Amino acid sequence: MKVTPHTGGFGARIEGIDLSRPLDAGTMAAVRDAWSAHSVIYFPDQPMDLDALEAFTLQLGPFGEDPFIKPMPGRPNVLELRREPDETATNFGAGWHSDWSFQSAPPAGTILHAQVVPPVGGDTLYADCYRAYETLSDAMKAMLAPLRAVHSARQAYGPSGVFAKETGKRTMQIVVSEEAEKTVAHPLVVTHPVSGRKALFCSPVYTVGIEGMTRPEGMAILRFLFEHITQDDFVYRHHWATDMLTLWDNRCTLHFADGGYDGHLRVMHRTTVAGAPPHP
Ligand code: SIN
């Protein structure tokens, strides 16, 4: 297995491995090490069916729980992210977020396996929340250390959220629900359970306030952090190719699905790996 890290270490390309077969313990440990070191790892040329995708996911850990989106028929743990050429609704995932951070134990990782890649657009952007934290001043780190951020799915999946209001054609079946109104608080600065590094843990899609602060107070701090995390210096633009499999770490990254492919089909298969409640 050959790991080629990006300059700066955020993101790595991995070749010389066949993910469609069970991996031995040594290879799996090397994959985990690369994932921990580089946060976003991608494996070009990995044709595999849904059974193999599920089997690879389960080698990393149990499936996460995917709410608000109808899974593939007969595959409760696989989502098909599909956008047809004639769709007019905004592409799915077009906002900076960490997957399902409103859950008490958000998924540790997400896997996306490219089925159909449009000839233009359709990149995924990833932001490095470790570097975002590490580059803050000591005074800002000290201020953020005790804070807990409030996460909710309401802005996306609630009865007044963006999916409830949209009128354009969408193929994916989104389930808008009162459940999305629930909130959960997580530390604003988390310690990664594997790497031991600290990362900022908040996003414009799912973080709606800071515990114990008024909304204007909390949002002023959060808006600064959102802008800080997603500045160009911390962002990697990921180009897809058919059969590429990408695994990212939701505990230390945000991602954003870029559009720019109206008139073209894009299809991805997605699974999540269960995680644990975040800790400071
Ligand atoms: C997502 O999981 O948010 C979508 C990512 C993508 O389709 O590029």
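Q: How far is an oxygen atom of the ligand from an N or O atom in the side chain of Arg266?
A: This is a predicted model. Arg266 is one of the residues around the ligand. A polar contact needs N or O atoms within 3.5 Å. The distance from a ligand oxygen to a side-chain N or O atom of Arg266 is 2.8 Å.

Q: What share of the area that the ligand exposes when taken alone does the protein bury?
A: Alone, the ligand exposes 260 Å². The space it takes is the largest cavity.

Q: Which residue has a side-chain N or O atom 2.5 Å from an oxygen atom of the ligand?
A: The residues around the ligand include His97 and Thr124. For the His97 side chain, the distance to a ligand oxygen is 3.0 Å. The value of 2.5 Å belongs to Thr124.

Q: Which strands each supply at least two residues of the shell around the ligand?
A: The shell divides into 4 nonpolar, 4 polar and 2 charged residues. Among its members are His255, Ala257, Arg266 and Arg270. At least two shell residues each come from strand 14 (253-257) and strand 15 (266-273).

Q: Is Gly263 buried, partly exposed or exposed?
A: Gly263 lies in the loop between strand 14 and strand 15. Its C-alpha atom is 7.6 Å from that of Glu84, 179 residues away along the chain. Buried means under 20% relative accessible area, and exposed means over 50%. Gly263 has 46%, so it is partly exposed.

How values were computed: Residues are numbered from 1 along each chain as its sequence is written. This is a predicted model: local features need pLDDT of at least 70, side-chain atom pairs count only at pLDDT 80 or more; totals for chains, interfaces and linings use all residues. Side-chain values use heavy atoms; hydrogens and water are left out. A residue is near a molecule or strand if one of its heavy atoms lies within 4 Å of it. A polar contact is a pair of N or O atoms within 3.5 Å; within protein, one must be able to donate a hydrogen and the other to accept it, and residues adjacent in sequence count only if both atoms are side-chain atoms. Accessible areas come from the Shrake-Rupley method with a 1.4 Å probe; for residues, only the protein chains shown count as cover. On a 1 Å grid over the protein atoms alone, a cavity is a set of points where a 1.4 Å probe fits but cannot get out, and a pocket is an open set with protein on both sides within 12 Å along at least five of seven lines; lining residues have an atom within 4 Å of a point. A molecule sits in a cavity or pocket if more than half of its atoms lie within 2 Å of its grid points. Helices (H or I, at least four residues) and strands (E, at least two) are DSSP runs, numbered from the N terminus. Ala, Val, Leu, Ile, Met, Phe, Trp, Tyr, Cys and Pro count as nonpolar, Asp, Glu, Lys and Arg as charged, and the others, Gly among them, as polar. Buried means under 20% relative accessible area, exposed over 50%, partly exposed in between (1.4 Å probe, protein chains only).
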